[in-house]
Each structure stands twice: as C-alpha cells, then as structure tokens.
Amino acid sequence: MPLYDYSCEQCGDFAAMQPMARWRDPSPCPECGAASDRILAGAPALGALSSAVNRAHAMNERNASEPRSTRGGHGMNCSCCGGGRRPGKTRTTADGGKTFANSRPWMISH
C-alpha cells in the first residue's frame with residue numbers, strides 16, 4: 001500500500017497508508033480524527049519493493065550519471081591511447097581481389 005500525504009486544518013500535515021483504490025478519499029487525522037484531504041507534497045512512497053530491487057534501482061541511477069570506464073576516462077576507440085586506427089582484416093591483392101587475414105575465407109563480411 002502506498003503512503004500518501006494529508007493535511008489536517010487543526011493538526012497539520014501527516015502521512016497515512018491507503019489502498020490505491022482509495023487514493024482520492026480523505027483520511028482521518030491520527031490526532032483529532034477529522035477527515036483530512038490529500039495533498040501532493042511528494043510522490044507516493046511504495047514500500048512493496050524488495051531490497052534487491054531497491055539496490056538495482058539505486059545502481060541504475062548511479063550509473064546513469066557516473067558511468068564507469070576501464071580506460072580511466074577514455075572512451076572506446078580513443079585516439080590518444082589506442083595508437084591510432086588499427087588496420088582491418090581485409091587485404092587487397094594485385095588483381096583487385098580481396099582476402100581476409102586470419103579469418104575464414106568462406107565468410108562474408110558486411
């Protein structure tokens with residue numbers, strides 16, 4: 001069940017668990033019992049997620065803004081660390097034919 005925020009006119013703000021089907025209904029104030037309307041102080045908090053799911057969500061959030069790199073900050077095909085462009089496997093013969101070094105001759109590359 002989500003935890004919603006409510007505001008009592010006499011006692012102030014409080015949070016209460018309500019079924020999702022009753023999200024529009026007022027909730028009784030825990031101190032004075034008056035019917036209090038729901039306020040949008042924040043997003044409803046769902047406590048039904050397991051700790052493993054919560055850790056996975058936290059890791060995804062962290063990785064979105066701080067991606068790890070194995071090259072100390074340099075991305076793939078970095079020209080300063082990679083030594084420039086590597087030659088491909090395709091070799092051209094004198095008559096214009098193509099051969100592929102260290103690969104299967106019957107494979108077609110794209």
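I began with Cys-29. Is Cys-29 buried or exposed? Cys-29 counts as buried, at 5% relative accessibility. I take buried as under 20% relative accessible area, exposed as over 50%, and partly exposed as in between, with a 1.4 Å probe and protein chains only.

Before going on, I noted that this is a predicted model, where local features need pLDDT of at least 70, side-chain atom pairs count only at pLDDT 80 or more, and totals for chains, interfaces and linings use all residues. Residues are numbered from 1 along each chain as its sequence is written, and side-chain values use heavy atoms, leaving out hydrogens and water.

**Cysteines**

I searched the whole structure for disulfides and found 0. Cys-29 is in none; its nearest cysteine sulfur belongs to Cys-11, 3.7 Å away. A disulfide needs a pair of cysteine sulfur atoms within 2.5 Å. Cys-32 counts as partly exposed, at 41% relative accessibility.

**Whole chain**

I then listed the elements. The protein chain has 1 helix and 7 strands. Their order from the N terminus is β-β-β-β-β-α-β-β. These are DSSP runs, numbered from the N terminus: helices are H or I with at least four residues, strands are E with at least two. Of the 110 residues, 10% count as buried. The chain exposes about 9400 Å², and carbon and sulfur atoms supply 54% of that. Such areas come from the Shrake-Rupley method with a 1.4 Å probe; for residues, only the protein chains shown count as cover.

**Strand β1**

I followed β1, residues 2-8. Pro-2, Tyr-4, Tyr-6 and Cys-8 point to one face and are buried.

Next I checked partners. Two strands pair if DSSP finds at least two bridges between them. β1 runs antiparallel to β2 (residues 12-17), with 6 bridges. The two form a hairpin with 3 residues between them. Cys-8 has Gly-12 of β2 as its bridge partner. β1 also runs antiparallel to β4 (residues 35-39), with 3 bridges. There, Tyr-6 stands opposite Arg-38.

**Leu-3**

I ended with Leu-3, in strand β1. Leu-3 is partly exposed, at 37% relative accessible area.
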